[in-house]
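The following note gathers points for review. Please read it alongside the sequence and the coordinates.

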Amino acid sequence: MLKNPFNNNSLVNKYQSLINQINILETNLKNLSDSELRAKSFKLKQQYKDNQNLDELIAESFALTREASLRTLGLRHFDVQLIGGLVLNNQKIAEMKTGEGKTLVATLPAFLNALSDKGVHIVTVNDYLANRDQVSMGQIYRFLGLDTGLIQEGMSTTERQINYKADITYVTNYELTFDFLRDNMALNLNDVVLRSFNYCIIDEVDSILIDEAQTPLIISNNIQTPIEKYIVAAEITDYLELNTHYKVDEKNKNVVLTEEGSKQIEKILSIQDLYDPRDPWIPYIINAVKANALYFNNIHYIVQNNRIVIVDEFTGRIMPDRRWGDGLHQAIEAKENIPIRQKTETVAAITYQNFFLLYPKLSGMTGTGKTAEVEFEKIYNLSVEEIPTARPIQRNDLTDLIYKDQFSKWNAIAQTCYKISSTGQPILIGTTTVEKSEMLAQLLSEYNLSYQILNAKPENVRRESEIVAQAGKKGSITIATNMAGRGTDIILGGNINFKIQKQLYDILTIAKNYIISKQLDIFKSLLITQFNGISQKFVSVLLSLVTDEKFLTLSDIDILRILRENDRISIPTISYQCSIRYLINELIKYNKKHQEQENQIVKNLGGLYIIGTERNDSRRVDNQLRGRCGRQGDPGTSRFFLSLDDNLLRLFGGPKVQTFMQTQISDDSPLESDLITKSLDSAQERVEERAYQQRKNLFDYDDVLNKQRNIVYYERKRILESVSLQKSIFAYGEQIITEFLFELKDETIPLVENLFGKNLNLNYLSNSKSLKSEFDLYELKIYLFNEFWLTYQSKITELSVYGDGIIENLERSILLINIDRIWREHLQKMTLLREAVGWRGYGQKNPLYEYKQDAFYMFETREEILRHLVIYDLLRSSIL
Ligand code: ADP
Ligand code: MG
């Protein structure tokens, strides 16, 4: 039976009988040997092969996974984790609070679904988490005879292929989506890395499917850019005044020029018309003004290595590979006086929404999904199930404190930190921007407090997880932008895993120096004093490792690399792997005792104290911040410090709040007001709703493109996988002839010079009158078909001297290249269309409907163009 306080929870009831079954099976498995367990796993695979039914395997496979996890990691899935696993297998979102062990939950459905041999993808938000999870959870799968893959940034095509072939692959949303786009640009089957999609579990699903779904992922090429115009436009903004020359709509992130503004600019540029379509200035001016009035350094972007790098407003993370579109990025580059990069042309693009919908079976997990349930259901058809916690939550969420202005708010925060940290209770402070993090850091320094700062800046990103992991250590103060280091386990008293890596690194590098200087004995005694009570075997394993000749030639960096990569399977340092694994395990044991004490001390101090410095744009993000404390029934406290001039209140608070601002608070003391709390809640809901509408809009528009993309990618795949395309080529040629004759019949269509005719050297085809008088249409058709076959045949003969398969490859490439070319042009046209329909909205027409109509027609002509291009290229091709 479930031991949790929500025993009458309907979700629990729903799964109770399955849970009971799993528990019963588990008792039987306890008595089996490791190899017998593995045999069970193979039996399940066979059973799937025979019956093609996963449902009948659920109980047994879950029980197996649980037992394998206990034997490899020493972790036994709690019953609520089993429920989480069942929810995931039911293609839903499992909402499980931070620290409830979602990483382990995913192993249950992953193993089950991998039994089909069709592959399972587990998607995480960054490379660090993918690596961490693959390394730890991989032990379970390997124990059961399955293999795991890991995709990391910078991996080669071959490495990717191997890793995607694995039964279960850990990968980031980013790598996965780009691999998909690249696969669909491949000209050769050998370059394709992904298999057909089967089952996907998305970790931190709200972060990926909601926060990151605001902009599509794009692969692009450079195109000509009028750089001077951007520069001049940026200079002009110096001569423009807010409200006189332009107006700013902060809510909608838009600017408009006033009449006076237009005149002023035309005067400066000495041009007649800003809007002149032959020499348009207006888009450059508007972008320059936007860049000045709405986009700020260290808030919306940072400048790094002479580049503008976008900072995600929701998460505070940098997004190095994204660019703002439509010339805005260039305008900001001009404003910041850094090199202006070429405008780009999209060659492939997809939104996360449409990408993840490609999976026949999709699921996700997060600590904060419920408030976005509508969106998950409407767009992804995923419902959200709240899973009870294994232990009751003990977090204390204090009511918001509201200050009259920023100054008093930040001072109060610093004072609070001062007071709390004097007891040793650890504090984690969430900020919304890099700038604010740094401002607070300054303030804390004035109070002589030491802190760790963690923001979207690149120099910190790598260490994010390491820092966050220690946020629960006694006396530590950590300042972090939203969601920095998300997914990292904050253990009260500190996380020993990170500490151990450093400890071993220190031991190994110090040992090396002593041994090189032949002072082995001194090192030994040092070691034993410092690690009082460490096992004898630890010492001997360590000594045999560090006295190894090859080891002595390694640099410190090499050693660090070996430690970092120790758990990856495919690196050439295997020889040290066992020893290092052993040393790490011993150090874990050694440190654990100490850790337990520290953990208890911090618990007695009240656990982690979370400070929010501003309500975020969605309740979800606030909840994520709060959820970072109170892990697994730990104590913890959270409190938000707000100010009446916080953005959210200022922009969306409404007139009531404005009056309130003027009349109420007059000094530095805070206020706890129902009115403000309510307005904040509703403001937040409005912002959420608005953001949702924007994503929904993006989704609706992308829908039509998505259907077209599916068609093109499907066709492309068929071509890529086919051995010979001769049939298609024949069909193309014949269809061109048929169309040509059809045009000929219809006097009203003027006969344009036909590419095809030219290729066949049938110049006389260009004179339709004489053609029609000389030939009967049917005879003409037969004649042209023959001509085409003959020309094609002679081309084949001509080319086949270069070797077997040349023709097939050539035909395939020509088809693919032209498909891609047409698709690329189609994408640009669609972008223009999207802008154009915006204007048409005025005529009481529905822009989305108009867009769909036109998009449909634009797509329709594609086939015909393709046929012509392919035949044209093919008949003209030669090998150099
Ligand atoms: P989440 O992703 O839900 O925030 P994690 O997967 O990071 O949580 O796990 C948090 C911590 O809980 C980890 O230290 C993990 O080892 C531990 N944990 C997870 N499941 C169990 C379990 N069944 N028994 C004991 N510890 C567990
Ligand atoms: Mg997690």
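Is Cys-417 buried or exposed? The points below begin with that residue. This is a predicted model in which local features need pLDDT of at least 70 and side-chain atom pairs count only at pLDDT 80 or more, while totals for chains, interfaces and linings use all residues. Residues are numbered from 1 along each chain as its sequence is written, and side-chain values use heavy atoms, with hydrogens and water left out.

1. Cys-417 is buried, because its relative accessibility is 0%. The term buried denotes under 20% relative accessible area, with exposed over 50% and partly exposed in between (1.4 Å probe, protein chains only). Cys-629 is likewise buried, at 3% relative accessible area.

2. Zero disulfides are found in a search of the whole structure, a disulfide being a pair of cysteine sulfur atoms within 2.5 Å.

3. The largest nonpolar core has 84 residues, of which Leu-176, Ile-202, Leu-209, Phe-356 and Phe-376 touch the most other members. Such a core is a set of buried Ala, Val, Leu, Ile, Met, Phe, Trp, Tyr and Cys residues joined through side-chain atoms within 4.5 Å. Helix H34 (residues 806-840) gives the largest share of this core, eleven residues. Because domain 1 (9-218 + 353-386) and domain 5 (705-876) both contribute residues, the core lies between them; the domain bounds come from an automatic or database domain assignment.

4. Phe-356 is in contact with Val-123, Asn-173, Leu-176, Cys-200, Ile-202, Ile-208, Leu-209 and Leu-362, neighbours within four places in sequence being left aside. Contact means heavy atoms within 4.5 Å. A second, separate core of 50 residues includes Ile-19, Leu-29, Leu-37 and Ala-63.

5. Ser-61 lies in helix H3 (residues 58-72); helices (H or I, at least four residues) are DSSP runs, numbered from the N terminus. Ser-61 is buried, with a relative accessible area of 0%. Apart from neighbours within four places in sequence, Ser-61 is in contact with Leu-44, Phe-111, Leu-112 and Leu-115.

6. Helix H20 (residues 496-516) has 21 residues and should span 30 Å at 1.5 Å a residue, which agrees with the 30 Å between its end C-alpha atoms. The expected span is 1.5 Å times one less than the number of residues. Among the buried residues of H20 are Ile-496, Gln-503, Leu-504, Ile-507 and Lys-512. Just after H20, Lys-518 takes a positive phi of about 55 degrees.

Note on methods. Chains are lettered from A and ligands numbered from 1 in the order in which they are written. Helices (H or I, at least four residues) and strands (E, at least two) are DSSP runs, numbered from the N terminus.
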